[in-house]
Amino acid sequence: MKTNFAILFATSALMPATPLLAQQSSTSESNAQPQADQEEDSSANATGAIQEIVVTARRREESLQDTPVTVTAFSNEELNARGINDIRTLVQATPGVSFDAFPRAAPRPFFRGIGSSNQGAGGDPSSVAFLDGVYLGRAAMLGIDFYDMARIEVLKGPQGTLFGKNVVGGAVNFITAKPVNFAEAAAELTFGQYEQLDGHFMLNVPVSEAIATRLVLGAITNGGFRQTLDGRNLDDENKLSARFQTTIGFGGETTLLLSGDYARQDIAQGARYNVRILPFNATGDNRGFDDFDEPRIANPDRLGGIDTDTGGVRAELNSDFLGFATLTATAAWRALDFSSFEDFDGTTAAQNAANGVPLSGIQVIQAEDADSYSAETRLASLNQNPLSWVFGLYYNNDDITRVRESQTSLNPQTINEFTGFANNRSYAAFGEAEYKFSFGFGIFAGARYTDEKKEYEVFRLTGPRAAPVVAYSTVGTPGISREKEVTYRFGADYRFNPNLYVYGSVSTGFKSGAFQEQPSGPDIARLPTDPEKVTNYELGIKTDFLSRRLRFNITGFIADYTDLQTIQSIPDATLGPGGSRIVTDTGDATIEGIETEFIFAPVAWVDLTARYAYLDAKFDSLIQTSAIQANGQPVFSDLAGNRLSRTPKHALNAALGFTSSRTSWGWMRAMVVADYRSEIFDDNDNDFVEYRRPRTLWDASITYHLNDRFSAQAWVRNFTDVEYRTHQTDVAGGVFVQYGPPRQFGVTLSAEF
């Protein structure tokens, strides 16, 4: 990769430096600083009008209301005002998106029902994240700090044409604030219950007319929402982060952006509770197992934890020297070092016996190292002609080593450990063009050719821990998955008038075949699933009325999903009482849905933002491996007609804000946020065992602004103190659940200089 970096950027060294004022490229998504970045949020400004939002969902800047894609965009101001500071709170603010939170430091998003819980080295996500356009292929890479973001764009539906591999359900693009050519600084300090203490700092320094730097530091700590009987922390936070960027201006319209970031998490395991000992309701509004009342104490006998180090470096060259197009060339490296040990039953051997769990302990051990290298070069049209376009080339190479062991004894004397090695290599060429007619009608089309090869090796250790033996190994004779796929997108849009915009599109996405993380033998270890594919049919309407005081956007879609890769933990009698195994199956599904965004700002002092998603996501076919018998033979279940896991049928997030008029002493802003999710099945069986009941979370805040630079916010999250599940697993006769954060009060102080 050193050679690739040199080729991409050697020419920049020959260009003389010029002031940064002349360097901002209009089509670079990482340099784009949309108007939304300077707004209070996406609701209203001082005059009451809804603000224009510029996004880069199609790899070039355009208004959100003129983009034929379903996008939810959050400015930095809205992220801060609503306390959106990690993937959990981002998902809560975005109906149509959910996530799997095991382990807590490695969340996996699901978009419109499309996602993957596959953590194995031979598996990939179905909905992914990007940091300034760089692919984050492993779940624990999402542990980045949200402070000083320019914006976050949540793109729904397949984005396989312009964003590439594994964007089957959708994507999150984190776009950081870039260095600017004037000095500025910002700081934020948060105090809260449960020993919450967060600090962030940003410093932007123009070194010269041609060079500017930006440094961001962050620390997030929490003493634990729950504790052990002897006072040790559970469900805590301990995160450090740093990000540094330098922009260099060269001759003409050319800039070079160099950036590096790092994040470290060192946290205790989550508290777990066995709800199978509670009443089970087969009918009525509260089906499934009951929840514990204010669970604050857990008693794991082998307290675990999670350690994560992730970060990377990136270089981006932007230049308009061609005259007719902007050249953008990027090269990046991302790295991950992750380890997790969790007492999965969350209690003692004696309590397990009393609860009917036939094991003295259940521990899940995971460790992973990953390196991801990527490079992309693209051209985007500059002129204002009716035809606009973007074309590019892409390369990605991931090396992953992952270890997983499930222990079924408090003090295991035997070992059952799987170590997997994967190399994923991907090349792609892509492009999209749009032609706009003078009367408001436009057509667009694009395609991407991807050549992807995945090699997977695994070996299994069994026998006594003191002298383990290799049960089998495919090292040297790997399984190979090779796909050469074309994904495409085409459609049309029409702007009837300044108030009404309509579009329709057909888009596709794919994900390469997956390998089993815990295969029973070498033959199945080398056997990949078929690639996962989706075709999405979408119709959208975007409107602004009442002098842009009322906005209503609505999208309807149907997605045909083939060879969906499902993963689940199943009983495995070959491993003895309470034994389990992770298996992967594939099926087909149809997903139909409606998503809406409603913003109403009738006057300058009040605004309402409401986002709603309806999803009808069901399997057309799925033969699932449900158990392994003592003789090694699998047991299958036909789950056709069942709902997809982790997919609520209804989701609503609504924020009501009130802003006082500005006076000599400043002004106030109050906000109340409601987040509703209907029932969720965490497995594909839909038997109400791994089941989340409908829930509504309420947050509130009141912010005093002394002026545009200094503010103080008092906030409360989950102020009705709802107990809600974030992860659960039915294993060894127990249903072990994790709960979300309880009610928490706090204060955040902010300053800009």
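Predicted model: local features only at pLDDT ≥ 70, side-chain atom pairs only at ≥ 80, totals over all residues.

Q: How many nonpolar, polar and charged residues are in the lining of the second largest cavity?
A: Rolling a probe the size of a water molecule over the atoms shows where empty space is left. Here, the lining of the second largest cavity has 13 nonpolar, 7 polar and 5 charged residues. Nonpolar means Ala, Val, Leu, Ile, Met, Phe, Trp, Tyr, Cys or Pro; charged means Asp, Glu, Lys or Arg; the others, Gly among them, are polar. Residues are numbered from 1 along each chain as its sequence is written, and side-chain values use heavy atoms, with hydrogens and water left out.

Q: Which strand gives the largest share of the lining of the second largest cavity?
A: That is β7, with 3 residues. Strands are DSSP runs of E, at least two residues, numbered from the N terminus.

Q: In what order do the 3 strands of the open sheet lie?
A: Strands of a sheet pair through backbone hydrogen bonds, either parallel or antiparallel. Here the order is β18-β43-β42, with antiparallel pairing; two strands pair if DSSP finds at least two bridges between them. The edge strands, β18 (273-274) and β42 (725-731), each pair on one side only. N274 has F736 in β43 as its bridge partner.

Q: Is D320 buried or exposed?
A: D320 counts as buried because its relative accessibility is 16%; buried means under 20% relative accessible area, exposed over 50%, and partly exposed in between (1.4 Å probe, protein chains only). D320 sits in the loop between β22 (305-319) and β23 (325-343).

Definitions and conventions. Helix = DSSP H or I, 4+ residues; strand = E, 2+ residues; numbered from the N terminus.
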